[in-house]
Amino acid sequence: MTTVNGLPAHVLLVHAIVVLLPLSALLLVLSALWPAARGKLAGPNAILSVVVVVLVPITTDAGEWLERRVASTPLVRTHTELGDTALSVAIPVAVLALVVWWRRRESLRTQAADTAARRTFLAPASTAVTVVLSVLAVVAAGAAVYDIYRIGDSGAQASWQNQFSSAPAPRDPGH
(Lines give C-alpha, C1' and ligand atoms only; values in the text may rest on other atoms or scores of the structure.)
Protein backbone atom coordinates (compact mmCIF):
# COMPACT_ATOMS: atom_id res chain seq x y z
CA MET A 1 0.00 0.00 0.00
CA THR A 2 1.58 3.29 -1.08
CA THR A 3 -1.12 5.95 -1.37
CA VAL A 4 -4.72 6.42 -0.28
CA ASN A 5 -6.77 9.05 -2.08
CA GLY A 6 -3.58 10.77 -3.22
CA LEU A 7 -1.96 10.87 0.23
CA PRO A 8 0.95 8.69 1.32
CA ALA A 9 -0.58 5.68 3.08
CA HIS A 10 1.95 5.95 5.90
CA VAL A 11 0.59 9.27 7.14
CA LEU A 12 -2.86 7.69 7.43
CA LEU A 13 -1.88 4.25 8.75
CA VAL A 14 0.39 5.68 11.40
CA HIS A 15 -2.64 7.16 13.16
CA ALA A 16 -4.06 3.67 13.63
CA ILE A 17 -0.84 2.48 15.28
CA VAL A 18 -0.50 5.61 17.44
CA VAL A 19 -4.01 5.07 18.80
CA LEU A 20 -4.45 1.29 18.76
CA LEU A 21 -1.13 0.10 20.20
CA PRO A 22 -1.36 2.27 23.35
CA LEU A 23 -5.05 1.34 23.64
CA SER A 24 -4.18 -2.35 23.45
CA ALA A 25 -1.40 -1.82 26.00
CA LEU A 26 -3.84 -0.10 28.38
CA LEU A 27 -6.42 -2.87 27.93
CA LEU A 28 -3.70 -5.44 28.55
CA VAL A 29 -2.79 -3.85 31.89
CA LEU A 30 -6.44 -3.53 32.91
CA SER A 31 -7.25 -7.13 31.98
CA ALA A 32 -4.10 -8.48 33.64
CA LEU A 33 -4.59 -6.59 36.91
CA TRP A 34 -8.36 -6.37 37.32
CA PRO A 35 -10.39 -9.61 37.23
CA ALA A 36 -13.69 -7.85 36.47
CA ALA A 37 -12.12 -6.11 33.46
CA ARG A 38 -10.47 -9.35 32.37
CA GLY A 39 -13.86 -10.93 31.76
CA LYS A 40 -14.97 -8.11 29.49
CA LEU A 41 -11.72 -6.94 27.88
CA ALA A 42 -9.43 -9.95 27.47
CA GLY A 43 -11.13 -11.34 24.34
CA PRO A 44 -11.57 -8.07 22.46
CA ASN A 45 -8.03 -7.01 23.38
CA ALA A 46 -6.58 -10.29 22.12
CA ILE A 47 -8.15 -9.55 18.74
CA LEU A 48 -7.13 -5.86 18.81
CA SER A 49 -3.52 -6.64 19.69
CA VAL A 50 -3.21 -9.14 16.82
CA VAL A 51 -4.67 -6.56 14.42
CA VAL A 52 -2.02 -4.09 15.62
CA VAL A 53 0.75 -6.64 14.98
CA VAL A 54 -0.56 -7.04 11.43
CA LEU A 55 -0.83 -3.26 10.91
CA VAL A 56 2.70 -2.44 12.11
CA PRO A 57 4.59 -3.99 9.15
CA ILE A 58 2.05 -2.57 6.70
CA THR A 59 2.63 0.87 8.21
CA THR A 60 6.43 0.56 8.28
CA ASP A 61 6.47 -0.68 4.67
CA ALA A 62 4.41 2.35 3.67
CA GLY A 63 6.86 4.49 5.65
CA GLU A 64 9.83 3.01 3.82
CA TRP A 65 8.11 3.76 0.52
CA LEU A 66 7.58 7.35 1.68
CA GLU A 67 11.16 7.63 2.94
CA ARG A 68 12.43 7.02 -0.59
CA ARG A 69 10.35 9.96 -1.80
CA VAL A 70 11.29 12.65 0.71
CA ALA A 71 14.55 14.43 1.40
CA SER A 72 16.91 12.31 3.45
CA THR A 73 17.61 14.22 6.64
CA PRO A 74 18.95 13.10 10.01
CA LEU A 75 15.44 13.49 11.44
CA VAL A 76 13.90 11.27 8.76
CA ARG A 77 16.62 8.65 9.27
CA THR A 78 16.07 8.72 13.03
CA HIS A 79 12.34 8.30 12.58
CA THR A 80 12.84 5.39 10.18
CA GLU A 81 15.23 3.64 12.56
CA LEU A 82 12.86 4.11 15.50
CA GLY A 83 9.90 2.96 13.39
CA ASP A 84 11.64 -0.36 12.89
CA THR A 85 11.28 -1.00 16.65
CA ALA A 86 7.47 -0.86 16.68
CA LEU A 87 7.02 -4.53 15.91
CA SER A 88 9.32 -5.52 18.76
CA VAL A 89 6.98 -3.81 21.25
CA ALA A 90 3.71 -4.77 19.56
CA ILE A 91 4.46 -8.51 19.62
CA PRO A 92 4.92 -8.81 23.41
CA VAL A 93 1.68 -6.87 23.97
CA ALA A 94 -0.13 -9.27 21.63
CA VAL A 95 1.41 -12.40 23.12
CA LEU A 96 0.54 -11.32 26.65
CA ALA A 97 -2.97 -10.29 25.59
CA LEU A 98 -3.46 -13.75 24.09
CA VAL A 99 -2.11 -15.41 27.25
CA VAL A 100 -4.41 -13.36 29.50
CA TRP A 101 -7.36 -14.21 27.28
CA TRP A 102 -6.46 -17.93 27.16
CA ARG A 103 -6.05 -18.09 30.95
CA ARG A 104 -9.47 -16.47 31.34
CA ARG A 105 -10.90 -19.03 28.93
CA GLU A 106 -9.26 -21.92 30.81
CA SER A 107 -10.55 -20.51 34.09
CA LEU A 108 -14.11 -20.47 32.78
CA ARG A 109 -13.76 -24.01 31.42
CA THR A 110 -12.48 -25.38 34.72
CA GLN A 111 -15.30 -23.67 36.63
CA ALA A 112 -17.89 -25.13 34.27
CA ALA A 113 -16.61 -28.72 34.42
CA ASP A 114 -14.99 -31.14 36.77
CA THR A 115 -11.57 -29.61 37.41
CA ALA A 116 -9.89 -32.99 37.70
CA ALA A 117 -11.03 -33.89 34.18
CA ARG A 118 -9.91 -30.64 32.57
CA ARG A 119 -6.30 -30.09 31.68
CA THR A 120 -5.04 -26.51 31.77
CA PHE A 121 -1.83 -25.13 30.33
CA LEU A 122 -1.58 -21.65 31.79
CA ALA A 123 -2.47 -22.29 35.45
CA PRO A 124 -5.59 -20.11 35.57
CA ALA A 125 -5.95 -20.56 39.34
CA SER A 126 -2.33 -19.75 40.18
CA THR A 127 -1.82 -16.43 41.95
CA ALA A 128 1.92 -16.58 41.25
CA VAL A 129 1.34 -16.90 37.50
CA THR A 130 -1.17 -14.06 37.64
CA VAL A 131 1.34 -11.81 39.41
CA VAL A 132 4.11 -12.65 36.92
CA LEU A 133 1.77 -12.00 33.98
CA SER A 134 0.64 -8.74 35.54
CA VAL A 135 4.22 -7.52 35.97
CA LEU A 136 5.09 -8.55 32.42
CA ALA A 137 1.95 -6.81 31.15
CA VAL A 138 2.84 -3.55 32.88
CA VAL A 139 6.42 -3.70 31.56
CA ALA A 140 5.36 -4.58 28.00
CA ALA A 141 2.64 -1.94 27.99
CA GLY A 142 5.00 0.72 29.32
CA ALA A 143 7.63 -0.18 26.74
CA ALA A 144 5.05 -0.08 23.93
CA VAL A 145 3.65 3.30 24.92
CA TYR A 146 7.12 4.80 25.38
CA ASP A 147 8.35 3.41 22.06
CA ILE A 148 5.30 4.66 20.16
CA TYR A 149 5.76 8.06 21.78
CA ARG A 150 9.42 8.17 20.65
CA ILE A 151 8.53 7.04 17.12
CA GLY A 152 5.66 9.53 16.85
CA ASP A 153 7.69 12.38 18.24
CA SER A 154 10.54 11.69 15.83
CA GLY A 155 8.07 11.56 12.93
CA ALA A 156 6.50 14.85 13.98
CA GLN A 157 9.96 16.41 14.27
CA ALA A 158 10.92 15.10 10.83
CA SER A 159 7.68 16.39 9.30
CA TRP A 160 7.19 19.69 11.03
CA GLN A 161 10.54 21.09 12.18
CA ASN A 162 11.01 24.52 10.60
CA GLN A 163 7.78 24.07 8.61
CA PHE A 164 5.73 26.73 10.37
CA SER A 165 6.09 30.04 12.14
CA SER A 166 5.12 30.63 15.74
CA ALA A 167 3.71 33.98 14.60
CA PRO A 168 0.32 33.94 12.91
CA ALA A 169 0.32 34.18 9.14
CA PRO A 170 -0.77 37.53 7.71
CA ARG A 171 -4.45 37.60 6.89
CA ASP A 172 -5.78 38.07 3.42
CA PRO A 173 -7.62 41.43 3.55
CA GLY A 174 -10.23 40.07 1.13
CA HIS A 175 -11.48 37.49 3.63
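Predicted model: local features only at pLDDT ≥ 70, side-chain atom pairs only at ≥ 80, totals over all residues.
Visitor: Before we dig in, which element has the highest confidence, and which the lowest?
Guide: Across the protein chain the mean pLDDT is 88, with 87% of residues at 70 or more. Strand β1, residues 3–4, is where confidence is lowest, at a mean of 88. The highest, at 96, belongs to α1.

Visitor: Are α1 and α2 roughly parallel or roughly antiparallel?
Guide: Take helix α1 as residues 9–33 and helix α2 as residues 35–67; they pack at about 155 degrees, their axes 7 Å apart. Angles over 145 degrees count as roughly antiparallel. So α1 and α2 are roughly antiparallel.

Visitor: And what sort of residues make up that contact of α1 with α2?
Guide: The crossing of these two helices, α1 and α2, is left-handed. In their contact there is one charged residue, alongside seven polar ones.

Visitor: How does α1 sit against α5, roughly parallel or roughly antiparallel?
Guide: The axes of α1 and α5 are 9 Å apart, and the packing angle is about 165 degrees. α1 passes α5 in a left-handed crossing. With the cut-off for antiparallel at over 145 degrees, that angle makes α1 and α5 roughly antiparallel.

Visitor: What about α3 and α5: is their crossing left-handed or right-handed?
Guide: α3 and α5 pack at about 160 degrees, axes 8 Å apart. That angle makes the pair α3 and α5 roughly antiparallel. As for the hand of the α3 and α5 crossing, it is left-handed.

Visitor: On to the largest pocket: which residues lie nearest its centre?
Guide: The largest pocket holds about 700 Å³ of space. Its lining takes in 29 residues. Nearest the centre you'll find H10, V14, H79, G155 and S159.

Visitor: Which element gives the largest share of that lining?
Guide: Two or more lining residues come from each of α1, α2, α3 (74–83) and α5 (127–160). The largest share is eight residues. The helix giving them is α5.

Visitor: How many of the residues lining the largest pocket are charged?
Guide: Sort the lining of the largest pocket by type, and 15 residues come out nonpolar. Another 11 are polar. The charged ones number three.

Conventions. Residues numbered from 1 in each chain as written. Heavy atoms only, no water. Axes fitted to C-alpha atoms, helices over the stretch in contact; angles between N-to-C directions. Helix = DSSP H or I, 4+ residues; strand = E, 2+ residues; numbered from the N terminus. Parallel < 35°, antiparallel > 145°, perpendicular 65-115°, else oblique. Left-handed = near helix turned anticlockwise from the far one by under 90°. Nonpolar A, V, L, I, M, F, W, Y, C, P; charged D, E, K, R; others polar. 1 Å grid on protein atoms, 1.4 Å probe; cavity = no way out; pocket = protein on both sides within 12 Å on 5 of 7 lines; lining within 4 Å. Points joined across faces, edges and corners; volume = space filled by probe spheres on them. pLDDT = per-residue confidence, 0-100.
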